[in-house]
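Thanks for making time this morning. I would like to walk through one structure with you, taking a few local features in turn.

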Amino acid sequence: MRADYVNDDDLNIILRLLTPPNRLISLICLETGLRVGDVVKMRSDGFRQRMTITEQKTKKKKRVYINKTLYDECKAQAGKIYVFEHRTDCTKHRTRQAVYADIKRAAKALRLKDNITVHSLRKYYAVEILHRFDLATVRQALNHDNELVTMLYAYADILHQTTTYSVKHRAHK
(Lines give C-alpha, C1' and ligand atoms only; values in the text may rest on other atoms or scores of the structure.)
Protein backbone atom coordinates (compact mmCIF):
# COMPACT_ATOMS: atom_id res chain seq x y z
CA MET A 1 0.00 0.00 0.00
CA ARG A 2 1.37 3.39 -0.95
CA ALA A 3 1.99 6.22 1.46
CA ASP A 4 -0.25 9.26 1.13
CA TYR A 5 0.76 12.90 1.25
CA VAL A 6 0.20 14.68 4.57
CA ASN A 7 -0.73 18.37 4.71
CA ASP A 8 0.93 21.01 6.92
CA ASP A 9 -1.71 21.10 9.65
CA ASP A 10 -1.93 17.32 10.07
CA LEU A 11 1.85 16.94 9.91
CA ASN A 12 2.40 19.50 12.68
CA ILE A 13 -0.06 17.71 14.96
CA ILE A 14 1.41 14.28 14.13
CA LEU A 15 4.90 15.55 15.01
CA ARG A 16 3.63 16.77 18.39
CA LEU A 17 2.08 13.36 19.11
CA LEU A 18 5.26 11.36 18.44
CA THR A 19 7.70 10.23 21.10
CA PRO A 20 10.68 12.62 21.32
CA PRO A 21 13.19 10.36 19.49
CA ASN A 22 10.69 9.54 16.74
CA ARG A 23 9.88 13.22 16.39
CA LEU A 24 13.58 13.99 15.89
CA ILE A 25 13.92 11.19 13.34
CA SER A 26 10.90 12.53 11.46
CA LEU A 27 12.29 16.07 11.51
CA ILE A 28 15.56 14.84 10.01
CA CYS A 29 13.60 13.02 7.29
CA LEU A 30 11.66 16.22 6.57
CA GLU A 31 14.80 18.35 6.46
CA THR A 32 16.99 16.02 4.39
CA GLY A 33 14.63 13.84 2.37
CA LEU A 34 16.36 10.73 3.71
CA ARG A 35 14.41 7.52 4.14
CA VAL A 36 13.72 6.63 7.77
CA GLY A 37 15.91 3.52 7.50
CA ASP A 38 18.93 5.70 6.75
CA VAL A 39 18.20 8.07 9.63
CA VAL A 40 17.76 5.45 12.35
CA LYS A 41 21.12 3.88 11.46
CA MET A 42 23.10 7.10 11.99
CA ARG A 43 26.03 6.46 14.28
CA SER A 44 26.93 8.91 17.03
CA ASP A 45 30.62 9.04 16.10
CA GLY A 46 29.86 10.12 12.51
CA PHE A 47 26.91 12.40 13.19
CA ARG A 48 27.59 15.93 11.95
CA GLN A 49 25.60 18.94 10.78
CA ARG A 50 26.98 18.34 7.29
CA MET A 51 27.61 14.75 6.33
CA THR A 52 27.59 12.35 3.43
CA ILE A 53 25.23 9.39 3.74
CA THR A 54 25.27 6.28 1.60
CA GLU A 55 21.62 5.50 1.07
CA GLN A 56 20.78 1.94 2.02
CA LYS A 57 18.22 1.37 -0.76
CA THR A 58 20.12 2.82 -3.72
CA LYS A 59 23.72 2.69 -2.45
CA LYS A 60 24.06 6.27 -3.73
CA LYS A 61 25.86 8.93 -1.75
CA LYS A 62 23.91 11.95 -0.59
CA ARG A 63 25.24 15.09 1.08
CA VAL A 64 22.88 16.34 3.80
CA TYR A 65 22.70 19.32 6.12
CA ILE A 66 20.91 19.42 9.47
CA ASN A 67 20.15 22.80 11.03
CA LYS A 68 21.95 23.63 14.28
CA THR A 69 18.88 23.49 16.53
CA LEU A 70 17.87 20.04 15.30
CA TYR A 71 21.47 18.84 15.35
CA ASP A 72 21.90 19.98 18.98
CA GLU A 73 18.64 18.24 20.01
CA CYS A 74 19.79 15.01 18.38
CA LYS A 75 23.26 15.21 19.93
CA ALA A 76 21.77 15.82 23.38
CA GLN A 77 19.77 12.58 23.29
CA ALA A 78 22.26 10.49 21.26
CA GLY A 79 23.57 7.22 22.63
CA LYS A 80 27.17 6.04 22.67
CA ILE A 81 26.87 4.02 19.47
CA TYR A 82 23.75 5.26 17.65
CA VAL A 83 22.13 8.67 17.56
CA PHE A 84 18.77 6.92 17.94
CA GLU A 85 19.17 3.96 20.24
CA HIS A 86 16.83 1.00 20.41
CA ARG A 87 14.28 1.32 23.20
CA THR A 88 15.70 -1.59 25.23
CA ASP A 89 19.18 -2.34 23.83
CA CYS A 90 21.72 0.49 23.57
CA THR A 91 23.94 -1.62 21.27
CA LYS A 92 21.25 -1.49 18.56
CA HIS A 93 19.62 1.38 16.72
CA ARG A 94 15.93 2.25 16.83
CA THR A 95 14.00 0.37 14.17
CA ARG A 96 12.21 1.98 11.27
CA GLN A 97 9.21 -0.14 12.26
CA ALA A 98 9.08 1.62 15.64
CA VAL A 99 8.96 5.02 13.93
CA TYR A 100 6.36 3.70 11.46
CA ALA A 101 4.16 2.41 14.29
CA ASP A 102 4.39 5.73 16.14
CA ILE A 103 3.39 7.72 13.04
CA LYS A 104 0.51 5.32 12.36
CA ARG A 105 -0.62 5.69 16.00
CA ALA A 106 -0.55 9.48 15.73
CA ALA A 107 -2.47 9.46 12.42
CA LYS A 108 -5.04 7.12 13.94
CA ALA A 109 -5.43 9.42 16.95
CA LEU A 110 -6.25 12.21 14.48
CA ARG A 111 -8.71 9.87 12.75
CA LEU A 112 -7.04 10.48 9.40
CA LYS A 113 -8.40 8.30 6.61
CA ASP A 114 -5.22 8.66 4.56
CA ASN A 115 -2.39 6.13 4.76
CA ILE A 116 0.16 8.32 6.55
CA THR A 117 3.50 6.53 7.01
CA VAL A 118 7.17 7.38 7.37
CA HIS A 119 7.36 7.60 3.58
CA SER A 120 4.78 10.39 3.65
CA LEU A 121 7.58 12.52 5.11
CA ARG A 122 9.65 12.00 1.95
CA LYS A 123 6.69 13.06 -0.20
CA TYR A 124 6.21 16.16 1.94
CA TYR A 125 9.92 16.97 1.51
CA ALA A 126 9.63 16.63 -2.29
CA VAL A 127 6.60 18.92 -2.45
CA GLU A 128 8.37 21.55 -0.34
CA ILE A 129 11.45 21.45 -2.59
CA LEU A 130 9.25 21.83 -5.70
CA HIS A 131 7.54 24.89 -4.18
CA ARG A 132 10.95 26.57 -3.91
CA PHE A 133 12.80 25.18 -6.93
CA ASP A 134 12.15 23.06 -10.01
CA LEU A 135 11.59 19.38 -10.81
CA ALA A 136 15.26 18.81 -11.63
CA THR A 137 16.21 20.00 -8.15
CA VAL A 138 13.64 17.65 -6.58
CA ARG A 139 15.04 14.77 -8.63
CA GLN A 140 18.57 15.54 -7.46
CA ALA A 141 17.45 16.01 -3.83
CA LEU A 142 15.71 12.61 -3.81
CA ASN A 143 18.56 10.92 -5.70
CA HIS A 144 16.08 9.57 -8.27
CA ASP A 145 17.09 8.22 -11.68
CA ASN A 146 13.55 8.23 -13.07
CA GLU A 147 11.87 11.59 -13.62
CA LEU A 148 8.40 10.02 -13.57
CA VAL A 149 8.98 8.67 -10.06
CA THR A 150 10.16 12.13 -9.00
CA MET A 151 6.95 13.61 -10.37
CA LEU A 152 4.85 11.26 -8.21
CA TYR A 153 6.63 12.63 -5.16
CA ALA A 154 6.87 16.29 -6.20
CA TYR A 155 3.20 16.54 -7.18
CA ALA A 156 1.92 14.38 -4.29
CA ASP A 157 -0.07 17.28 -2.85
CA ILE A 158 -1.92 17.86 -6.14
CA LEU A 159 -2.48 14.14 -6.67
CA HIS A 160 -3.81 13.87 -3.11
CA GLN A 161 -6.23 16.76 -3.61
CA THR A 162 -7.46 15.28 -6.88
CA THR A 163 -7.95 11.82 -5.37
CA THR A 164 -9.64 13.21 -2.26
CA TYR A 165 -11.98 15.35 -4.35
CA SER A 166 -12.78 12.45 -6.67
CA VAL A 167 -13.64 10.11 -3.78
CA LYS A 168 -15.80 12.72 -2.01
CA HIS A 169 -17.50 13.71 -5.26
CA ARG A 170 -18.43 10.09 -6.08
CA ALA A 171 -19.69 9.54 -2.51
CA HIS A 172 -22.15 12.45 -2.81
CA LYS A 173 -23.65 11.32 -6.13
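By a polar contact I mean a pair of N or O atoms within 3.5 Å, where, within protein, one must be able to donate a hydrogen and the other to accept it, and where residues adjacent in sequence count only if both atoms are side-chain atoms. Please keep in mind that this is a predicted model, in which local features need pLDDT of at least 70 and side-chain atom pairs count only at pLDDT 80 or more, while totals for chains, interfaces and linings use all residues. Residues are numbered from 1 along each chain as its sequence is written, and side-chain values use heavy atoms, with hydrogens and water left out.

Let me begin with Arg2, whose side chain is joined to that of Asp4 by a polar contact of 2.4 Å. Arg2 counts as exposed because its relative accessibility is 53%, the cut-offs being over 50% for exposed, under 20% for buried and partly exposed in between, with a 1.4 Å probe and protein chains only. The C-alpha atoms of Arg2 and Asn12, which are ten residues apart along the chain, are separated by 21 Å.

Turning to helix α6, residues 118–132 (helices are DSSP runs of H or I, at least four residues, numbered from the N terminus), we find that eleven of its 15 residues are buried, among them Val118, Leu121, Tyr124 and Ile129. At the start of α6, a side-chain oxygen of Thr117 comes to within 3.1 Å of the backbone nitrogen of His119.

Methods. Helices (H or I, at least four residues) and strands (E, at least two) are DSSP runs, numbered from the N terminus.
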